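Morning, everyone. Please have the sequence and the model open while I talk.

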Amino acid sequence: MHKALLISEIVADVCSELVNEHFWDHCQYHGTLAAFAATCRAISEPALDALWCTQLSLAPLLRCMAPDLLGEGDGETYLVHHFCVGSTLDFTHLLFASSIYAGQLSPQTGRDC
Amino acid sequence: MLSYASRIKVLGRHIYEIKYEFTPQISAEVFRALSWSRPVPAAPLCPNLHTLDWSGLLDGTDEEEEIFGYLHLFLGPSVRHLEFNLYNADFTRMSIILSLPRNYPGLTSVEINDYSDNDDKQDGCGTISDAVCQWNQLELFSWSGCLSHRALIHLAGFTKLQTMMVSIPDVSIINWQAHLSTLQAPGFCALRKAVITCDQILSCASLIDITSPRQLDSFTLTVRNPPEAAAVWRLFQTLGTRCSHTTLTKITVHNSRYIHTQPFNPINEEMFRPLLAFSNMAVVNISFPLAFRLGNGVLRDISTSWPRLRALHINTMSGWGGQSQITLAGLIPLLSLPQLEELSIVINASVVDHTLDMPPTGVSNTKIRYLNLADSVIENEHSVAAFLSDVLPNVRQIRSWYPGEAAQNASGSFADAKKYEARWNTVAALIATFAEVREQERKAARKCE
């Protein structure tokens, strides 16, 4: 990898160009940034920052929870999960008590988008 | 999850083209669960969030009332910009809104979307106005409901307020002067963009008269009641007196009615001239149910006073009441402005005062492709097209005599309006042909050389 790409400001500029170029096509620039973030550790942080910087919905964040919290039925994807009152830093670990029928995610929004 | 949440800086920004296709609905249960499970109860879910478009985030949900209570999940010390809906707000939501300035004093930009009609808004006006009076650091405030006098004066006192989109109260009430005394001069000292709605145009003129918006770059005024010409003149004079002549570059003033209320009392050149003081004027858009009597002299002055003019639209929806004194030749200085790309005015083209046997104008505006000429009269479409193909060779569409009120205001018949409209359509078609012929001739001449 070229040394210039070890400079975080340059990588951040590249990421912001990717966002600006495909601003009206979120899936495209999200996919490109996700691929860019996976190339190496040096690029991962600024690319993930750019990827997550603007979110139209909470759905992408909710999809970061444990995969077994998602279920499907009647053409919809349901999030069935368990919560306890604040115990750890990660919501995926907050599993206990009664299940809560918590939300609906539309089927066309894949978890990778 | 929290490691990703900390990267989010903008949440819920509403982009219409994307929103409906990709955004799933999140139920109130999800918000409730997130609220219960926060590791640190007072900590925001997204600690680095600076822009929260709550109305965009909840767009389409039928549980908005219940979810609104979870706004605090996202608000924290880093949030600067907040946008939310007020439509159909219940007592609980209004209480939460009223507590926002106390709990989140760091908010600098607040946009409130309100789609209710004026009667429904009355209930919320007091609450929002009270909330405004508690904020002290706002740089942007937007709300279509009517602010109280006290809230308006409080806004005027902000030293960092740059953008304001508000509806202002009537300033003729008796206690207005008492509120004025609380204003620490100069009012609106940092205001750059003002979008104001009011019932009477004089309310806005009076407000500007007691403040000093010297940084004002863009001024937009919507007047609910049709104004008189004298009141419009007063507004133009006040702008000329109170605003910086080099800073104000965009002005839009309009009323939504089309039927002229005072056909024998037009806006004349003297009333228009205060606006010529603004030397960097770029966009002028004026639309009132009033006749306009402007002539070639004003266009000549515009061409010297507004060298950076990009767009000029004067009363092209309701027309000028048949009182335009601008001729074809009068357009020449205006069209010499290098940045002019939009033009909507009324001309009297019944007399062609610049014919083909005269020396070339030397003026050719290639940026304008569309003209709106409202109630412009025309007799000979061929000679008019010959002139316009020289000075406006790229015009391909001319709109005129629309809507029907333009004919009514000009005291013309509907048949006359259709006749003139057809002639202008012919002119638009001829300009394209004539311009091509001119270009062909130029090429031939260059070859001969």
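One term before we start. When I say two residues pack or are in contact, I mean that their C-beta atoms, placed from the backbone, lie within 7 Å. And keep in mind that this is a predicted model.

Let's begin in chain B, with helix α10, residues 201-209. How many of its nine residues are buried? Eight of them. The helix is therefore largely enclosed by the rest of the structure. The buried ones are Ile201(B), Leu202(B), Ser203(B), Cys204(B), Ala205(B), Ser206(B), Leu207(B) and Ile208(B). What do they pack against? Three elements of chain B: β7 (193-198), β8 (218-223) and α11 (229-242).

Now the core. The largest nonpolar core has 146 residues. Cys204(B), from that buried run in α10(B), is among the residues with the most contacts inside the core. Domain 1 (3-53) and domain 2 (59-105) of chain A both give residues, so the core lies between them.

Look at Phe141(B) for a moment. Leaving out residues up to four places away in sequence, Phe141(B) touches Val110(B), Val132(B), Leu155(B), Leu161(B), Met164(B) and Val166(B).

On to chain A. This chain has four helices and four strands. From the N terminus, the order is α-α-α-β-α-β-β-β. Of its 113 residues, 27% are buried. Take the contacts between residues at least 6 apart in sequence: 38% of those join residues at least 24 apart.

One helix pair deserves a look. Helix α1(A), residues 8-21, packs with α3(A) at an angle of about 35°, and the axes are 9 Å apart. The crossing is right-handed. From α1(A), the residues involved are Ser8(A), Val11(A), Ala12(A), Cys15(A), Ser16(A) and Val19(A). They meet Ile43(A), Pro46(A), Ala47(A) and Ala50(A) in α3(A).

How far does the confidence go in chain A? The average pLDDT is 65, and 53% of the residues score at least 70. Where is confidence highest, and where lowest? Highest in helix α3(A), residues 41-53, at 89; lowest in strand β4(A), residues 100-105, at a mean of 34. Two stretches of chain A stay under 50. Over residues 72-77, the model has eight contacts beyond four places in sequence. Over residues 82-113, the model has 74 such contacts.

Technical notes:
Residues are numbered from 1 along each chain as its sequence is written. Chains are lettered from A and ligands numbered from 1 in the order in which they are written. This is a predicted model: local features need pLDDT of at least 70, side-chain atom pairs count only at pLDDT 80 or more; totals for chains, interfaces and linings use all residues. pLDDT is the predictor's confidence in each residue, from 0 to 100. Helices (H or I, at least four residues) and strands (E, at least two) are DSSP runs, numbered from the N terminus. A residue is buried if 20 or more other C-beta atoms lie within 10 Å of its own, exposed if 12 or fewer, and partly exposed in between; C-beta atoms are placed from the backbone. A nonpolar core is a set of buried Ala, Val, Leu, Ile, Met, Phe, Trp, Tyr and Cys residues joined through C-beta atoms within 7 Å. Domain bounds come from an automatic or database domain assignment. Axes are lines fitted to C-alpha atoms, for helices over the stretch in contact, and angles run from 0 to 180 degrees between N-to-C directions. A crossing is left-handed if the near helix is turned anticlockwise from the far one by less than a right angle, and right-handed if clockwise.
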